[in-house]
Amino acid sequence: MGAGAGVLALRPMEAIAQVVTDAAGGLATSPDRFGRIFNLPPFADFNAGGLRNALMAMGQPGGIVDARDPLAEGPVRLITNPELSPNNLDNPNNTAGITFLGQFLDHDMTFDQTSRLGVVAAPENSPNTRTPGLDLDSVYGRGPNGDPQLYQTGDRDKFRIESGGLFEDLPRQSNGTAIISDPRNDENLMISGLHAAFLLFHNQVVDRLRSQGQTNVFAAAQQQVRWHYQWIILREFLPAILGQALVDDILRNGRRVYRPAAGQQFIPVEFQGACYRFGHSQVRPSYRANLRGDPNGNPAIGAPAFFGMVFDPAGQGQADPVDLRGGARAPRRFIGWQTFFDFGGSQTANVRPNKRIDTKISTPLLNLPLGTLPDGAPPTALPQRNLLRHVTWSIPSGQAIAQALGIQPLWADRFPELQQFGHGLPSSTPLWYYILKEAEVAGGLRLAGVGARIVGEVFIGLLQLDPTSFLATNPNWRPTLPRRGGAPTGDFRMVDLLTFARVDPDSRGQ
C-alpha cells in the first residue's frame, strides 16, 4: 500500500457517511469531551478470556514490538553506528526534532486524566482537559489573569523563564517541578526545551510589538505566536509525516470522515488512542542533547557533548540524571537544536534523523520511569499501554476502518507475528499496530492509508473549525515575522521560530 492510498482509494461520501458517528458527521457535540469518528464494533470480544494477557504479551519487553536495541553499546554508539540497531532504522526524510514537535502538538490538543487503562469507558463521558485545538493552551494556560504563576510579576505580558546554568530552563519550584500549564511538557529534556523555546518566542514577539509602538500587546502577541505556530503545523509538520500530496488533497477536496459542526471540533479516540501514537515509533533510543554542554564530562561517553538515552533506569533519583528525562536542572541540561532541526550551512552536518514509522519501538520506551506515566502505575512498557488503550475506548480494528473508507486493508497474511496471540488479531488488528504496519509496508518514511487519512483530517479539521485560527479567520494570511538569515517573509519554519526565540546555535555561539 503506497502513501497515496489515503488520497486515491476512498469510497463515495454517501457510503462513508453510513459508518461515521453523528458527532463526526456534523451534529453538535461537547468539545470538552472525547468522541468517535466511526460507528464500528471494537477490534475484539472484550469478554473473551485472555485478551488482556494477549495484548500485554504483544507489547512486552523483548516481544514483537521491541526493537531490541543493544543498550549496552551506550548512547553515543547507538547514534553514530546505526548498524547496531538493524530492527530500528533511521528515517532519512525526517529530522529528530519532528518527533518532539509532534509530542508538543499532542499536549496542546489532548489530555485524558480520568480514563483507566484497559477499563472500558465512553469517550463522550471522558473530559479532555486541553482545548481541542491548536491554540497553545498548553503554554498560555488561562492567561496572565487566570494563571499568573506562569507570567513575570513585573511584566504580565511576558512568560517567566529561568536559567539552568548555561542557557534557558523552565521556571521551577524548589523541588524541581516545572511551573508550566501542562506538566507533560517536562517529561523529557527535548520537550521541556521546546516548551522553553515557545516561552521565549512569545517574549520576543512582545518586545517586537512594543518596539513598533504598540501597547496592550499580550493579545496581539498571542495571535502572532499562534498563527506562526499553526503555519508550521500545516506547512512543515504535516507534510513531513503525511506527504504533501495528502495535505493538498484534504485542503482541496475536503475532509471525508472528520466533519464536526463549526466550533464543535473534538478529539476522536481513533486519533488520540491509536493513530497519533505513531510518533512512539519515531523515538530514538538515545540523543545528543547538545554539542558542548558537558565540558568537564567523560570524553569516553561523548563529552563535551551531552549524550544520553531517552530514558535509563540508572537516572532514577539522580540530581543531574544520566539520561534525558525531564524534571531536573543542571548546566548541561539544555537542547542544542542543530541536532534536531536543519539550520543549513555548516550546521547541516550536525542534524540527526528520527526513526522510521514501523512496528518496532526503541527499547528504552519499554521501561518508562513511573514519573512519566499519567497514573504513575504499571505497566511501564509504552506499547502495552497503547494496546490497553484500545480496550478503554473500544477502538475498531484497522481492517474495519480501512474497509469503511474503501482503502484496501492489510489482511492476516501481513501479520503472521500476531498468530501466536490468538483472538483473531491478524485479521482484526488493534488500530495502533495496524497503522504502524501500513507505514512499514510503504517504507516507513511517513504514514500511509488509514493512519495518514485520520491524522491528516483531524489536524486540518482542528485548524479549519477553530474560529480563531488563521485558516478560519484569514486563510490567505502569510507569516510576517523575520526569518533566519534574512530570508523573505511569507514562510516560517521551526528553524525560524528557534532563531527568533534566540535559542539557535548562532545566538548561543554553539
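**Cavities and their linings**

Reply: The lining residues of the second largest cavity split into 3 nonpolar, 4 polar and 5 charged. Here Ala, Val, Leu, Ile, Met, Phe, Trp, Tyr, Cys and Pro count as nonpolar, Asp, Glu, Lys and Arg as charged, and the others, Gly among them, as polar. The model is predicted: local features need pLDDT of at least 70, side-chain atom pairs count only at pLDDT 80 or more, and totals for chains, interfaces and linings use all residues. Residues are numbered from 1 along each chain as its sequence is written, and side-chain values use heavy atoms, without hydrogens and water.

Me: How many cavities of 30 Å³ or more does a search of the whole structure find?

Reply: A cavity is a set of points, on a 1 Å grid over the protein atoms alone, where a 1.4 Å probe fits but cannot get out; lining residues have an atom within 4 Å of a point. Points are joined across faces, edges and corners, and a volume is the space filled by probe spheres set on them. The largest cavity holds about 60 Å³. The search of the whole structure finds 4.

Me: Which element gives the most to the lining of the largest cavity?

Reply: Helices (H or I, at least four residues) and strands (E, at least two) are DSSP runs, numbered from the N terminus. The lining includes Leu 189, Ser 192, Gly 193 and Ala 196. With 4 residues, the top contributor is H9.

Me: Is Gly 344 buried, partly exposed or exposed?

Reply: Buried means under 20% relative accessible area, exposed over 50%, partly exposed in between (1.4 Å probe, protein chains only). Gly 344 has 27% relative accessibility, so this residue counts as partly exposed.

Technical notes: 1 Å grid on protein atoms, 1.4 Å probe; cavity = no way out; pocket = protein on both sides within 12 Å on 5 of 7 lines; lining within 4 Å.
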